[in-house]
Every structure is written in structure tokens, then in C-alpha cells.
Amino acid sequence: MQEGIKEEQGKLFYELDFRFIEAMAKRMSENKGSKYPAWNWKKPIDIEGLSQANFRHTIEVMDGNYSDEDKEFDHVVALACNAMMIWYQLKHHNK
């Protein structure tokens, strides 16, 4: 039997670390309910506050401190979550 063909030329290839995405989802889930309601990040949020939070996490990373509250690499994960929120705010609320 001849093998089938699937056209992939020019298609988006998701070259992502899915465990990192999982770490982002875990961080977002941990803060849901206790700190923030679900999907809070989709509501209009002051980008300056998100940028300041990213700066604080960046300083920790630059100091070689990658863990936050004893969670491995959580400062790095926090940077990614905040960057996602900033991207969303710029795309949907800053037109």
C-alpha cells in the first residue's frame, strides 16, 4: 500500500516546549480564585503594572534567582505569563 501525503509546506510548525506551557498554565491556575478570577487577564489591565511585575521578575533572574516561593524556575514562568498578558492587552485593548 502506498503511503499518504500531507502537505506541510508553508504551514506553521509549533516548535514549543509544551512542559513550559504547562508550567505557565499551572501558575495561572494556582492564582485563579484565591488571587484573581478566571480569565481576569483578558479584562483591560494597566500595562504599566504588568511591566513593573516583569521588571521585578527580571531582576530576580538577573540575580540568578530563578525560583519563586520555592517553585522551580517560577520567576522565568512569571515573565512568560506577564509577557502573554501584555501581548493580549496590546492586541485587544490598546487600539
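The model is predicted, so to speak of local features a pLDDT of at least 70 is needed, side-chain atom pairs count only at pLDDT 80 or more, and totals for chains, interfaces and linings use all residues. Residues are numbered from 1 along each chain as its sequence is written, and side-chain values use heavy atoms, with hydrogens and water left out. Helices here are DSSP runs (H or I, at least four residues), numbered from the N terminus. Three of them come up below: helix 1 (18-31) and helix 2 (47-62), and helix 3 (74-93).

**Nonpolar core**

- The largest nonpolar core has 10 residues: Met24, Trp41, Ile47, Leu50, Val77, Ala80, Cys81, Met85, Ile86 and Tyr88.
- Helix 2 and helix 3 are the elements that give two or more residues to this core, and helix 3 gives the most, with 6 residues.
- A core of this kind is a set of buried Ala, Val, Leu, Ile, Met, Phe, Trp, Tyr and Cys residues joined through side-chain atoms within 4.5 Å.
- Buried means under 20% relative accessible area, exposed over 50%, and partly exposed in between (1.4 Å probe, protein chains only).
- As background, nonpolar side chains tend to be buried together in soluble globular proteins.

**Aromatic residues**

- There are 2 aromatic pairs, where rings of Phe, Tyr and Trp (its six-membered ring) pair if their centres lie within 6.5 Å, and planes under 30 degrees apart count as stacked, over 60 as edge-to-face and the rest as tilted.
- Trp39 and Trp41 make a tilted pair, at 5.9 Å centre to centre and 45° between the planes.
- Trp41 and Tyr88 are edge-to-face, because their ring centres are 5.1 Å apart and their planes stand at 75°.
- Trp41 lies in the loop between helix 1 and helix 2 while Tyr88 lies in helix 3, so this pair ties together parts that are 47 residues apart in sequence.
- Trp41 and Tyr88 are both buried, with Trp41 at 16% relative accessibility.
- Trp39, Trp41 and Tyr88 form one aromatic cluster.

**Largest pocket**

- The largest pocket has a volume of about 940 Å³, a volume being the space filled by probe spheres set on grid points joined across faces, edges and corners.
- On a 1 Å grid over the protein atoms alone, a pocket is an open set of points where a 1.4 Å probe fits, with protein on both sides within 12 Å along at least five of seven lines; lining residues have an atom within 4 Å of a point.
- Of the 33 lining residues, Arg27, Met28, Asn31, Cys81 and Met85 are the closest to the centre of the pocket.
- Helix 1, helix 2 and helix 3 are the elements that give two or more residues to the lining, and helix 1 gives the most, with 9 residues.
- The lining divides into 17 nonpolar, 6 polar and 10 charged residues, with Ala, Val, Leu, Ile, Met, Phe, Trp, Tyr, Cys and Pro counted as nonpolar, Asp, Glu, Lys and Arg as charged, and the others, Gly among them, as polar.

**Buried residues and their contacts**

- The contacts in this group (heavy atoms within 4.5 Å) leave aside neighbours within four places in sequence.
- Arg27 sits in helix 1 and is buried at 16% relative accessibility; Arg27 is in contact with His57, Asp68, Asp74, Val77, Ala78 and Cys81.
- Cys81 touches Met24, Arg27 and Met28.
- Asn82 belongs to helix 3 and is buried, with a relative accessible area of 9%; the contacts of Asn82 are Leu50, Ala53, Asn54 and His57.

**Positive phi in the loops**

- Trp39 has a positive phi of about 60° although it is not a glycine; Trp39 is in the loop between helix 1 and helix 2 and is exposed, at 56% relative accessible area.
- Asp70, also not a glycine, has a positive phi of about 60°; Asp70 is in the loop between helix 2 and helix 3 and is exposed, at 81%.
- The C-alpha atoms of Trp39 and Glu72 are separated by 24 Å, with the two residues 33 apart along the chain.
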